[in-house]
Amino acid sequence: MKKSAAFALVIGLSLAGRTWAQKFPDLALTPPMGWNSWNTFASNINETLIKETADAMVANGMRDAGYTYIVIDDCWESMQRDANGNNVADPKKFPSGMKALGDYLHAKGFKFGIHSCAGVKTCAGYPGGRGHEYQDALTYASWGIDFLKYDWCEHGTADARETYKTMRDAIHAAGRPMVFSLCEWGQNKPWEWATDVGHMWRTTGDIYDSYDGRKGWESGWKRILDLQYTLVEGNGPDQIARYAGPGHWNDPDMLEVGNPGLTMAESRAHFSLWAIIAAPLIAGNDVRHMKPEVRDVLVNKDVLAIDQDPLGHQGYRVLADPGKNIEIWVRELSNGEWAVCALNTSSAPADITIEWHYLWTIQGKFQVQDVWAKKPAGDTTKPLTVRLDSHDVALLRLTPEKK
Ligand code: GLA
């Protein structure tokens, strides 16, 4: 072969390699929705639980409301890889095997998600993916996996960007589209580099079922919400929000809606504010045995429409007034509409007044709909006062007045 032809071939191959090495496009164009085993079940998982969860999500309307991804978190693996280095499921917890479980979920209209870790071990001490990325991606593809959550424990001196890119490339090489969910806890500012690597990235440590408590590595949802606001330095309230959009989302961690540490008001507020910040909505409660009012929160179509708005703009806080016990968050929606969420941060019921002119970002006259109450709440020419329980919200949808 002539030198020039060989050179062209090398360039051609490396360009081909370049286009090959990418995340799967056209996935997660709105924030992914589903269920994950961790928040309620931790290591106490097995195939019966996963099947019962899927069956419950069909019966209670969650699947049809959009909760498509059923994700098995940590502790599904055997403690050791097999003799060929393959990652294998614990045969006691998953006796029928992962392929059969994936088939079951797919037949019911779900997508199948799984957890692994970029380090040598998962956070619970099971085999991690480091050094086995291409092998594991092939295994997951053969099981029909559609979503991979990839954790960050035991990563040693590994570079986060390179490590997550390696897994991205491995998934692509395996040839099965998977939502790639980076669970790196915001330690290396993934919002700055992960748009081309994954479809969502955690921004903080773990959530637990509390309003604003703290338990070591875990924080209540309000504390996690506050952290979103301070992750990126600079002027303007929408710093972190700017990094989100169709196919690449900030992930403030999974839902605690319906879990015992939250009041109903706190569950409703958590859900509303996760919708405002365009969060992936991954339920973390026992959906087989939930109260009807918890179900009604999770499947509320009008709140879900805010989270899933196709414009994909993440909302942000425009007002925090501890003296008046009020926070206001806003989100721009398609067609000139806005969502506004007012939170009563006090530990007692309070009258909260929304002065529309405070919301500097929203210009013009709008009709106001109270989303949870499902009724009109006037227009933006007059301040709106609402009575809110402790840690409850008013969630409002603003529609521009027709001229
Ligand atoms: C980390 C993650 C959690 C969960 C656990 C499992 O803490 O952030 O979401 O996956 O690991 O061990």
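**The ligand and its pocket**

By class, six nonpolar, one polar and six charged residues make up the shell around the ligand (Ala, Val, Leu, Ile, Met, Phe, Trp, Tyr, Cys and Pro count as nonpolar, Asp, Glu, Lys and Arg as charged, and the others, Gly among them, as polar). The model is predicted, so local features need pLDDT of at least 70 and side-chain atom pairs count only at pLDDT 80 or more, while totals for chains, interfaces and linings use all residues. Residues are numbered from 1 along each chain as its sequence is written, and side-chain values use heavy atoms, with hydrogens and water left out.

The ligand is surrounded by 13 residues, and Asp73, Asp74, Lys149, Asp151 and Asp206 are the closest (a residue is near a molecule if one of its heavy atoms lies within 4 Å of it). The side chain of Asp73 places an N or O atom 2.7 Å from a ligand oxygen, and the side chain of Asp74 likewise has an N or O atom 2.7 Å from an oxygen of the ligand. For Asp151, a polar side-chain atom lies 2.8 Å from a ligand oxygen. Taken alone the ligand exposes 310 Å², of which the protein buries 96% (Shrake-Rupley method, 1.4 Å probe).

And where does the ligand sit? The space taken by the ligand is the largest pocket (more than half of its atoms lie within 2 Å of the grid points). A pocket here is an open set of points on a 1 Å grid over the protein atoms alone, where a 1.4 Å probe fits, with protein on both sides within 12 Å along at least five of seven lines; lining residues have an atom within 4 Å of a point.

Notes. Polar contact = N/O pair within 3.5 Å; in protein donor to acceptor, adjacent residues only side chain to side chain.
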